[in-house]
Amino acid sequence: MTKTLLSVIMNAEAFAEAKPIKLRGDHMDQIKTGLLIRQLRTQMQLTQKQLAERIHVSDKAVSKWERGNGCPDISLLDALADVFSTDIRVLLAGDLGKQESGRGNMKKMQFYVCRECGNIIAAASGADVTCCGSRLTAAEPKKAAPEEQLQIEDIGGEWYITADHPMTKSHYISFAAFITDSTVMLFRQYPEWDFQVTLPVIRAGRLVWYCTECGFFYQDIRPRR
Ligand SMILES: [Zn+2]
Ligand SMILES: [Zn+2]
């Protein structure tokens with residue numbers, strides 16, 4: 001009985017060792033990934049031990065990854081990506097440059113605003129979007145300066161988002177969206193109503209919003225830890 005159990009455990013370990021690290025066609029380059037983990041960790045001024053504690057592994061494991069002598073298990077990638085507020089694909093590629101181009105759905109998602117009727121259309125890239133007789137071009141969000149950012153308050157499991165921004169008929173924020181690599185939540189807003197959005201705090205993502213006068217903005221938000 002004991003022997004059988006032991007053999008099952010050993011087999012499980014052997015399986016874990018042999019398991020190829022492959023996710024949606026991306027191969028992990030353990031040397032590049034290791035270097036990136038070290039870079040992100042030092043940027044956040046975390047010791048190997050502090051990082052290890054956050055994701056419940058030993059500091060030896062972190063040290064091993066950083067030297068390119070192994071890679072974090074797939075099951076840890078999500079936690080690691082969360083700590084660094086980045087994307088699993090960035091970690092897999094070992095390249096921060098992938099953050100802009102490799103965010104999958106997040107990057108592909110585009111917003112089209114019709115100036116005629118105020119319609120807001122979210123679509124995958126390359127979509128041909130027409131409204132009120134004209135072809136619309138995707139709005140390109142620009143990074144909000146600190147004074148342009150929305151106010152975000154963590155009210156226990158939810159982000160309560162407000163804006164110190166005009167909300168008149170001729171000048172108002174007409175929508176906001178919260179985008180992660182797997183979800184998009186859209187919030188329509190109306191003039192003469194205070195801007196207000198409540199979001200469940202799930203994970204880091206990008207908040208975008210569109211003002212009829214100021215344009216399209218984004219700001220990245222992440223759960224407080
Ligand atoms: Zn229209
Ligand atoms: Zn404005």
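A residue is classed as buried if 20 or more other C-beta atoms lie within 10 Å of its own, as exposed if 12 or fewer do, and as partly exposed in between, with C-beta atoms placed from the backbone. The structure is a predicted model, in which local features require pLDDT of at least 70 and side-chain atom pairs count only at pLDDT 80 or more, whereas totals for chains, interfaces and linings use all residues. Residues are numbered from 1 along each chain as its sequence is written, and chains are lettered from A and ligands numbered from 1 in the order in which they are written.

Ser 85 counts as partly exposed because 17 C-beta neighbours lie inside 10 Å. Its phi is near 50°, a positive value in a residue other than glycine. Ser 85 is located in the loop between α5 (74-83) and α6 (88-93); helices (H or I, at least four residues) and strands (E, at least two) are DSSP runs numbered from the N terminus. Glu 192, likewise not a glycine, has a positive phi of about 70°. Glu 192 belongs to the loop between β11 (184-188) and β12 and is exposed, with 8 other C-beta atoms within 10 Å.

An open antiparallel sheet is formed by three strands in the order β8-β9-β12, pairing being assigned where DSSP finds at least two bridges between two strands. Its edge strands, β8 (151-154) and β12 (196-200), each pair on one side only. Five bridges connect β9 (residues 158-162) with β12 in the antiparallel sense, and Thr 162 stands opposite Gln 196 in β12.
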